[in-house]
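Here is a short briefing to read beside the model. Please keep the 3D view open as you go.

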Amino acid sequence: MDFDLSEEQRLIKDSVERLLADRYDFERRKAYGKSPEGWSAELWSQYAELGLLGLPFEERHGGFGGGPVETMIVMEAFGRALALEPYLATVVLGGGFLKHGGTEAQRAELIPRIADGSLRMAFAHTERQSRYDLADVAAKARRSGASFILDGEKSVVMHGDTADRIVVTARTAGERRERCGIGLFLVDANAPGVSRRGYPTQDGLRAAELSLANVQVGPEAVIGEPGDALPLIERVVDQGIAALCAEAVGAMGAMHALTVEYLKTRRQFGVPIGSFQVLQHRAVDMFVALEQARSMAMLAAMMAQEEDAAERRKAVAAAKVQIGRSGRFVGQQAIQLHGGVGMTMELKVGHYFKRVTMIDTMFGDADHHLARLAEAGGLIAA
């Protein structure tokens with residue numbers, strides 16, 4: 001297979017890497033994190049100018065017409081820079097629901113606003129009891145004429161505190177863990193009955209607890225079939241996992257580069273510690289784990305648009321297993337080889353490890369996806 005990037009893809013890669021190199025050093029990242037939004041609104045506008053926010057959407061909606069490979073390029077660069085902006089929540093997840101399940105009216109209204117940076121979105125699905133089960137939804141959606149009334153609680157809504165529209169899952173029928181009876185609804189974040197409590201996460205990003213009390217949404221706010229949204233949810237989440245895998249590879253690559261540089265400059269017994277063969281071997285082991293993760297992230301990107309849901313899920317689950325294992329190994333080695341200073345908040349390497357650890361837990365950790373592979377008979381990656 002040809003893994004070379006096209007000319008357009010190389011231009012995207014060069015543009016986003018150049019922007020982040022110029023604007024995302026460690027001190028600036030800390031300043032962005034202390035802003036009211038928890039990220040840089042100025043950089044968000046620059047992402048829009050570069051076309052990054054419209055990357056996966058059709059040109060007639062103001063997009064670029066790209067796919068998972070273009071998203072992989074951007075997310076890997078974001079992982080390398082430890083970017084804080086809500087790209088995953090807005091473009092990959094929120095935009096993904098519109099792209100794959102929205103009506104033509106919803107796409108025409110909202111996707112151009114995502115592309116120009118004026119609309120931010122979030123995905124509210126996780127509940128306190130649900131853990132990694134996408135079918136475990138307790139929030140209720142009851143009909144009221146042509147409209148729906150939403151009630152329930154959602155947890156860890158990534159960037160939910162700054163979103164303008166929130167894609168909310170709620171049950172229209174059935175028991176809590178039934179696959180049928182789940183609906184998707186576009187909710188205005190400032191609608192009556194919506195309350196949000198924002199907070200920082202361990203990796204420096206933002207999330208929110210969301211409460212819905214008698215929130216009324218019209219028929220124009222329904223995404224897809226009101227009681228048959230789970231296949232759409234699984235498809236968009238798989239694409240989100242593929243994007244997270246690419247981000248993790250970027251973060252792991254940065255951890256490896258920082259560690260190798262530290263081994264070259266840190267001196268002990270009058271020589272750089274990188275001259276000790278045992279430490280060289282550990283750096284090589286980190287590189288091997290990184291390349292294994294990179295290969296699986298590429299597989300996830302290529303399979304993200306697979307129409308066969310079973311094959312797509314197996315590939316994405318296999319990638320998530322490898323990303324979780326590689327991220328843990330590379331992060332632990334990076335911290336240990338840096339010594340005590342690796343544990344400090346002042347050094348960037350620890351922040352990378354935190355982000356990779358959070359990526360492992362999002363949408364199911366390595367153990368969860370290994371169990372999914374076992375159930376599906378897809379243990380080829382284990």
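Predicted model: local features only at pLDDT ≥ 70, side-chain atom pairs only at ≥ 80, totals over all residues.

Residues are numbered from 1 along each chain as its sequence is written, and side-chain values use heavy atoms, with hydrogens and water left out.

**The largest pocket**

- The largest pocket holds about 740 Å³ of space. On a 1 Å grid over the protein atoms alone, a pocket is an open set of points with protein on both sides within 12 Å along at least five of seven lines, whereas a cavity is a set where a 1.4 Å probe fits but cannot get out; lining residues have an atom within 4 Å of a point.
- Grid points are joined across faces, edges and corners, and a volume is the space filled by probe spheres set on the points.
- The lining of this pocket has 31 residues, and T126, R131, Y132, F363 and G364 are the closest to its centre.
- At least two lining residues come from each of α5 (87-101), β3 (147-158), α7 (230-265), α10 (348-361) and α11 (366-376). Helices (H or I, at least four residues) and strands (E, at least two) are DSSP runs, numbered from the N terminus.
- By class, 14 of the lining residues are nonpolar, 8 polar and 9 charged. Here Ala, Val, Leu, Ile, Met, Phe, Trp, Tyr, Cys and Pro count as nonpolar, Asp, Glu, Lys and Arg as charged, and the others, Gly among them, as polar.

**Enclosed cavities**

- The model has 3 cavities of 30 Å³ or more.
- The largest cavity has a volume of about 190 Å³. Its lining has 18 residues, with P56, P68, T71, V92 and Q239 nearest the centre.
- α5 gives the most to that lining, with 6 residues.
- The second largest cavity holds about 120 Å³. Among its 14 lining residues, E85, L88, L205, E247 and R355 are the closest to the centre.
- The lining of the second largest cavity has 10 nonpolar, 1 polar and 3 charged residues.

**Aromatic pairs**

- How many aromatic pairs does the structure hold? There are 7, counting rings of Phe, Tyr and Trp (its six-membered ring) with centres within 6.5 Å; planes under 30 degrees apart are stacked, over 60 edge-to-face and the rest tilted.
- Y24 and Y32 pair edge-to-face, at 5.1 Å centre to centre and 70 degrees between the planes. Both are buried, meaning under 20% relative accessible area, with exposed over 50% and partly exposed in between (1.4 Å probe, protein chains only).
- W44 and Y47 are also edge-to-face, at 6.3 Å and 70 degrees. They lie 3 residues apart in helix α3 (residues 41-50), about one turn of the helix.
- W39, W44, Y47, F78 and Y87 form one aromatic cluster.

**Single residues to look at**

- S211 lies in strand β7 (residues 206-217) and is buried, at 18% relative accessible area.
- The side chains of S211 and E153 are joined by a polar contact of 3.1 Å. Such a contact is a pair of N or O atoms within 3.5 Å; within protein, one must be able to donate a hydrogen and the other to accept it, and residues adjacent in sequence count only if both atoms are side-chain atoms.
- S40, in the loop between α2 (26-33) and α3, is buried at 7% relative accessibility.
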